[in-house]
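Open the model in your viewer and keep the selection panel at hand. The stops below say what to pick next and what is there.

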Amino acid sequence: MAHQSTPTALFILFLALLWPACLAEMIKGSVPLNSGVFDKVISKHKAVLVKFDETYPYGEKQEQFKKVAQSSYVQPELLIAEVQIADYGEQENMDLATRFNVKKEDFPVYKLFLQDKKEPIAYTGNVKDSAAIKRFVMKNTDLWLGMPGCLEDYDALVKNFARASSEERQAILAEAEEIKNKYRNDVQKSYATIYVKTMKKIMEKNDFLASEMKRVEKLKDGKVSDKKKEQLSDRLNILNSFHVKFQDEL
């Protein structure tokens with residue numbers, strides 16, 4: 001007599017088939033890539049940040065990747081993508097790992113693909129720091145990614161401010177003061193004020209930036225409320241924007 005499947009057995013089979021799909025989390029702001037579509041997708045975009053990783057990644061490193069992916073909403077010229085590599089079964093995407101010299105022990109590995117470059121740029125910083133990953137992208141693409149507290153208009157001014165002469169900085173400061181008036185949101189106005197004050201302090205004291213970053217970092221790591229910690233973190237992001245631009249000019 002032929003064996004008849006019970007409803008329970010069918011349900012268990014359904015769960016077994018569905019389980020891998022459930023584990024493969026869909027991340028907002030990121031697209032999954034595989035060997036079949038990799039080159040087609042990469043070639044269509046000005047800049048693509050690809051994370052090569054194990055199958056079904058999780059934990060703090062993956063949470064930081066989610067933050068990077070979400071920040072790309074504001075930048076249409078940047079694509080964030082993920083390639084999950086399996087070293088078992090059919091070894092999916094292992095050919096991409098070999099092609100780009102990605103090793104399992106290094107997961108996750110970030111590489112930035114640019115349309116005008118043959119080889120990708122490897123990220124060698126902290127993979128548990130989404131802010132550092134975003135700064136890496138901005139530095140190598142000139143594309144702006146919204147860091148909490150940062151304003152695009154002012155980040156553009158900071159870039160000019162960093163390489164300007166003393167006289168030119170006076171003109172940039174005047175422009176910064178004028179731009180501040182366009183903001184109606186109180187929070188954005190407070191951020192704009194930090195940019196303006198930082199420019200003034202740098203013009204008065206060359207080593208202000210380094211000492212101020214240390215001071216704010218120390219305060220943030222101290223015993224402060226969550227709200228105050230968030231405010232200090234936003235201020236630190238603005239100071240970091242200055243720091244990165246000044247480092248680029250060295």
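Which residue forms a salt bridge with Asp-153? Select Lys-182: the closest N and O atoms of this pair are 2.2 Å apart. A salt bridge here is a side-chain nitrogen of Lys or Arg within 4 Å of a carboxyl oxygen of Asp or Glu. The pair links distant parts of the chain, 29 residues apart. Asp-153 sits in helix 6 (residues 152–163). Lys-182 sits in the loop between helix 7 (166–180) and helix 8 (186–204). Helices (H or I, at least four residues) and strands (E, at least two) are DSSP runs, numbered from the N terminus. Asp-153 counts as partly exposed because its relative accessibility is 29%. The cut-offs are under 20% relative accessible area for buried, over 50% for exposed, and partly exposed in between (1.4 Å probe, protein chains only).

**Before going on: the model**

This is a predicted model, in which local features need pLDDT of at least 70 and side-chain atom pairs count only at pLDDT 80 or more, while totals for chains, interfaces and linings use all residues. Residues are numbered from 1 along each chain as its sequence is written, and side-chain values use heavy atoms, with hydrogens and water left out.

Colour by pLDDT, the predictor's confidence in each residue, from 0 to 100. The protein averages 88, and 89% of the residues score at least 70. Now select residues 13–23. Here pLDDT stays under 50. The model has 2 contacts for this stretch beyond four places in sequence; contact means heavy atoms within 4.5 Å.

Two strands pair if DSSP finds at least two bridges between them.

Select strand 3 (residues 78–85). What encloses this strand? The rest of the structure largely does, because 8 of its 8 residues are buried. Leu-78, Ile-80, Glu-82 and Gln-84 point one way. Leu-79, Ala-81, Val-83 and Ile-85 point the other way.

Pick Val-31: its bridge partner in strand 3 is Ala-81.

Leu-49 stands opposite Ile-80 in strand 3. Now trace the chain from strand 2 through helix 3 (residues 60–71) to strand 3: this β-α-β crossover is right-handed. That is, with the strands pointing away from the viewer, the path from the first strand over the helix to the second runs clockwise.

Move to strand 4 (residues 109–114). It pairs with strand 5 in the antiparallel sense over 2 bridges. Leu-112 has Ile-121 in strand 5 as its bridge partner.

Select Asp-39 and Arg-99: their side chains meet at 2.9 Å, N to O. Asp-39 in helix 2 (residues 38–42) and Arg-99 in helix 4 (residues 94–99) are 60 residues apart. Asp-39 is partly exposed at 41%, and Arg-99 is partly exposed at 48%.

Next, select Lys-51, Asp-53 and Glu-82. They are linked in a network of salt bridges.

**Helix 9 and a last stop**

Select helix 9 (residues 208–220) and pick Glu-212 in it. Glu-212 is buried, at 10% relative accessibility. Leaving aside neighbours within four places in sequence, Glu-212 contacts Arg-235 and Leu-239.

Lys-220 is buried at 18%, whereas Glu-217 is partly exposed at 31%.

Finish at Ser-166, in helix 7. Is Ser-166 buried or exposed? Exposed, with a relative accessible area of 62%. Show Met-203 as well: Ser-166 and Met-203 are 37 residues apart in sequence and 7.7 Å apart in space, C-alpha to C-alpha.
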